[in-house]
Amino acid sequence: MNIPSNVGILGVGVIGQSWARLFAEAGSRVVVFDPRPDIAEVAEKFAAQTGHQLEIAADLAELAQGAELIQENGPERVDWKQETFAELGEITGDGVILASSSSAIPASVIAKNVDDAVAARIIIGHPFNPPHEIPLVEVVGGERTSAQTVARAMEIYAAYGKTPIQLKKEIPGFAGNRLQWAIIREMIYLVQEGVIDAPDLDTLIEASLGIRWASVGPFKAFHLGGGDGGLQHIMDHILSTFEESVILGKPDMSPEATKVLCDQVNAAYGLPARPEIAAHRDRVQEGIIELQRGE
């Protein structure tokens with residue numbers, strides 16, 4: 001499938017700009033809308049950094065003109081998304097895909113107040129930040145999203161070089177963020193309990209699970225680790241014992257309790273984080289992605 005000729009970006013924060021870069025570098029015309037007062041400066045900085053020009057729409061109606069895909073990256077507020085997608089549904093044609101980058105709000109909730117024809121075009125296209133670099137897009141249809149919309153969204157994201165994965169059913173937070181939350185909440189708990197400091201815990205991940213999971217997923221890793229018995233061997237002889245002996249903790253998410261963690265992180269990495277840390281992250285991520293694509 002060819003990439004869309006015209007794409008609309010609603011919301012030009014970090015995620016929106018990254019989507020815009022991906023679409024523009026692939027050759028799509030990118031039109032953006034964001035009511036932020038510094039949108040002209042954002043577009044100018046974007047052009048200087050990427051070499052691509054963003055066309056700035058004056059309102060949603062102008063954003064929608066000619067768009068084949070609209071990728072929304074606005075506030076994580078149910079009321080805002082419901083109102084915005086209802087308006088987009090009224091001003092876009094039947095073939096226009098209305099995709100949300102929401103991290104947790106299901107498409108069925110976003111489409112609650114629209115008719116079936118509009119709901120059929122609303123879908124979640126949840127990226128991992130930054131979308132122009134990290135391949136994954138979780139594609140999640142709602143209760144009334146059409147099979148055609150899901151299929152087209154999968155094709156479009158793949159045409160942009162992404163790795164789209166379709167979730168079989170809706171669940172708040174989708175799959176990736178639920179996994180991320182499960183891990184980060186235990187990390188917070190371990191630091192709060194004084195088991196390990198935050199920088200050492202980062203090193204632990206970077207020197208073990210991060211390397212392993214960058215090469216193979218957890219199920220695949222356990223299947224390999226189980227030898228001739230595969231995953232079932234790990235389930236029977238290791239994970240079944242964890243169920244009884246390793247009780248995961250519940251972190252205190254109050255501002256007072258999380259301050260200790262944040263203080264450790266700020267002391268280790270700076271606030272804002274030192275530029276060389278981001279540069280190192282980008283080099284490593286790019287190297288991993290190159291290796292994966294070269295296989």
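1. A quick term before we start: a residue is called buried when its relative accessible area is under 20%, exposed when that area is over 50%, and partly exposed in between. R144, at 32% relative accessibility, therefore counts as partly exposed. Please keep in mind that this is a predicted model.

2. R144 has a partner worth a look. It forms a salt bridge with D116, and the closest N and O atoms are 2.7 Å apart. This pair links distant parts of the chain, with D116 in helix α6 and R144 in the loop between β7 and α7, 28 residues apart. D116 counts as exposed because its relative accessibility is 51%.

3. How many salt bridges are there? The count comes to 10. Among them is R274 with E276, where the closest N and O atoms are 3.0 Å apart. R274 is partly exposed, with a relative accessible area of 35%, and E276 is partly exposed too, at 46%.

4. Another salt bridge joins the side chains of R281 and D282, at 2.9 Å from N to O. With a relative accessible area of 41%, R281 is partly exposed.

5. Now to the inside. Which residues have the most contacts within the largest nonpolar core? They are I9, F23 and V30, in a core of 26 residues. Elements giving two or more residues to this core include the strands β1 (6-10), β2 (29-33), β5 (97-100) and β7 (136-141), along with the helices α1 (14-25), α2 (39-50) and α7 (147-159). The one that gives the most is α1, with five residues.

6. Back on the surface, D59, E62, E87, E90 and D115 gather in a patch of negative charge. You'll find D115 in the loop between α5 (107-110) and α6 (116-119). D115 is partly exposed, with a relative accessible area of 48%.

7. There is a nonpolar surface patch as well: I238, F242, V246 and L248, which together have about 370 Å² of accessible area. L248 sits in the loop between α12 (230-245) and α13 (255-269). Is L248 buried or exposed? It counts as exposed, because its relative accessibility is 61%.

8. Last, have a look at A278, in helix α14 (residues 275-294). A278 counts as partly exposed, at 31% relative accessibility.

Notes. Residues numbered from 1 in each chain as written. Predicted model: local features only at pLDDT ≥ 70, side-chain atom pairs only at ≥ 80, totals over all residues. Heavy atoms only, no water. Patch = residues over 30% accessible without salt bridge, like charges linked within 9 Å, V, L, I, M, F, W, Y side chains within 5 Å. Areas by Shrake-Rupley, 256 points an atom, 1.4 Å probe, with all protein chains shown as cover. Salt bridge = Lys/Arg side-chain N within 4 Å of Asp/Glu carboxyl O. Lys, Arg positive; Asp, Glu negative; His and termini not counted. Charge placed at Lys NZ, Arg CZ, Asp CG, Glu CD. Helix = DSSP H or I, 4+ residues; strand = E, 2+ residues; numbered from the N terminus. Buried < 20%, exposed > 50% of the residue type's maximum accessible area, 1.4 Å probe, protein only. Core = buried A, V, L, I, M, F, W, Y, C linked by side-chain atoms within 4.5 Å.
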